[in-house]
Amino acid sequence: MDTSTSITNSSSFQNSHFILMGLPGIHKRQHWLSLPLVLLYLSALSANLLIMITIQHEPMLHEPMYHFLAILSVVDIGLASTIMPKILVIFWIDAKAITLPECFAQIYAINCFFCMESGTFLCMAVDRYIAICHPLQYPSIVTEASVIKATGFMVLRNGLLTIPVPILASQRHYCSRNEIQHCLCSNLGVVSLACDDITVNKFYQLVLAWVLIGSDMALVFSSYALILCSVMKLNSGEAMSKALSTCSSHLILILFFYSVIVVLSVTQLAEKKIPLIPVLLNILHNVIPPALNPMVYALRMQELRLGFQRLLGLGGDMATK
């Protein structure tokens, strides 16, 4: 009788918070990683803000390609800011507790911004495909109105389809363990602590990954395959070089973004043997692309470099050369 009573009481208990333990295996030394993470975070914030201000300030950058770049900067800032403040608080003052509502909100923000980044890369790939493969129709197809519609569709698609992820997680019953072997609230990491069945959670996360990220990735690489085929048919070497140059920066970042996703998926299989690797890769994948994207665009896009120079007052003479 006493045993059944204790079981009932245990199953009815609900944790009020989770404990984010940090990086598995190096809890006592993880604070040393705060310096490079802070530098990456500050770099991501400052560089993306500079891109947004430059695009708004420079009339020559008021084109669809740069509008999508500004949207990517907003998404990058949101993605990095969703996780970095809490990670730094964990590393600096050991404040590991996070309430259930805060954790579920972070799950939603991570999934939403992550899918938004993938969707933005898709829009940029389609933009480059139309510009290179159908240059005469480009001004009539890719207009300011079409950019607004594409942005609105991305926000609605990613905002609505990711809502069930935290809702399903909040419906689980957390009655025993509350320690998450991570620095952030990942969906599967949280629901693995539930006392009841999490099959629906795993299924929806898998469907979301295939429907959104998977379809985006397939369409992105299809666009660049068509671009490559079109470029190879050009008789002019100069035209071929110019066409490849306009989309090389996009392709570099897209390859990095999706290749890390594949690596993360593979390392999840070895999580029990080497738990640190997938956790560290997950953190870096949320902060390195936001810091890397502006650097690649600044190096590869001359118009953007000139805009930086004029905005910062560094190249009045250089800009006219």
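Which residues in α3 meet which residues in α6? In this predicted model, the α3 side of the contact consists of P64, H67, F68 and I71, and these meet V147, A150, T151 and M154 in α6. Sorted by class, the contact of α3 with α6 has six nonpolar and two polar residues, with no charged residues.

Two packed helices are described by the angle between their axes and the distance between the axes. For helix α3 (residues 64-93) and helix α6 (residues 144-161), the angle is about 25° and the axes lie 11 Å apart. Because angles under 35 degrees count as roughly parallel, α3 is roughly parallel to α6. The crossing in which α3 passes α6 is right-handed.

The sheet is open and is formed by three strands with mixed pairing, in the order β2-β1-β3. Strands β2 and β3 stand at the edges with a single partner strand each, so one side of each is left without a neighbour in the sheet. The residue ranges of the strands are as follows.

| Strand | Residues |
|---|---|
| β1 | residues 17-20 |
| β2 | residues 97-99 |
| β3 | residues 179-180 |

Between β1 and β2 the pairing is antiparallel and extends over three bridges; F18 has I98 in β2 as its bridge partner.

Technical notes. Residues numbered from 1 in each chain as written. Predicted model: local features only at pLDDT ≥ 70, side-chain atom pairs only at ≥ 80, totals over all residues. Heavy atoms only, no water. Axes fitted to C-alpha atoms, helices over the stretch in contact; angles between N-to-C directions. Helix = DSSP H or I, 4+ residues; strand = E, 2+ residues; numbered from the N terminus. Parallel < 35°, antiparallel > 145°, perpendicular 65-115°, else oblique. Left-handed = near helix turned anticlockwise from the far one by under 90°. Contact = heavy atoms within 4.5 Å. Nonpolar A, V, L, I, M, F, W, Y, C, P; charged D, E, K, R; others polar. Pairing = 2+ DSSP bridges.
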